[in-house]
Amino acid sequence: MKSDAAWVDAATKDTFTWVTQHTQTYNEHWVEEGRPSPYEPFPPYRYFRHLFNFFEMRQIVWIEKSRDMMISWASVAYLTLQAMKVPHCGVIFQTQKHEKAIDLVDYAKCLYRRQPDWLRDAFPLAKPIDSQPQDRLEFAGGSYVLGIPGGADQIRGHHPWGYLNDETSFQPEAGECYNEALSAVKGKIILNSSAGPGWYAD
């Protein structure tokens, strides 16, 4: 029976397995690209496996990205899976504006929603997903995913396990945010950005 612990452990044994076989992303350009559906698993590209392994090996990861590599999706997936599996594991996504931070939490919610029922049953939420705040995803085990806007003062008072700073080059206080994350985060710190001036590029 798929609800057995062995099935759950196999499906979530690593992020690559989970995102390529047991959940789906959405693609807003699916019609133009001739895709059969807006929802599809991650493509099983080798670089995703290497990226997820790298996340496991390093506490702090810096990524220079292009728009078509799905690096933001991959970073959200890695951290969301940790929050889903590990009780009392907080994760923060920070980007320049609150609206974009909400978009990142929406990525996490999509990945949760697009799992099969037996996986959602294994990792229940604190309350129904549509009843949760736009910028938050809370699990029954006390874990959470939270989206916050840019600014070093936004991190103070939080002590998450994981932290993603997305499009770091475009955040005026990126350096200060990073310094705050160093003192607040005990698990993983991921920073990624496409080309842009400032502290991250330097």
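Met70 sits in the loop between E3 and H4; helices (H or I, at least four residues) and strands (E, at least two) are DSSP runs, numbered from the N terminus. The model is predicted, so local features need pLDDT of at least 70 and side-chain atom pairs count only at pLDDT 80 or more, while totals for chains, interfaces and linings use all residues. Residues are numbered from 1 along each chain as its sequence is written, and side-chain values use heavy atoms, with hydrogens and water left out.

Most residues other than glycine have a negative phi. Met70, although not a glycine, has a positive phi of about 60°. With 22% relative accessibility, Met70 counts as partly exposed; buried means under 20% relative accessible area, exposed over 50%, and partly exposed in between (1.4 Å probe, protein chains only). Glu167, in the loop between strand E7 (162–166) and helix H7 (174–184), is another residue other than glycine with a positive phi, near 55°. Its relative accessible area of 17% makes Glu167 buried.

The buried residues of H3 are Phe48, Leu51, Phe52 and Phe55. They lie on the same side of H3 because they cover an arc of only 95° around the axis, the arc being that of the directions from the helix axis to the C-beta atoms. Exposed Arg46 and Met57 are carried on the face turned away from that buried side. The cover over the buried residues of H3 includes helix H2 (15–21), strand E3 (60–64), helix H4 (71–85) and strand E8 (188–193), where contact means heavy atoms within 4.5 Å.

Not counting residues up to four places away in sequence, Phe93 touches residues including Val76, Leu79, Val145 and Leu164.
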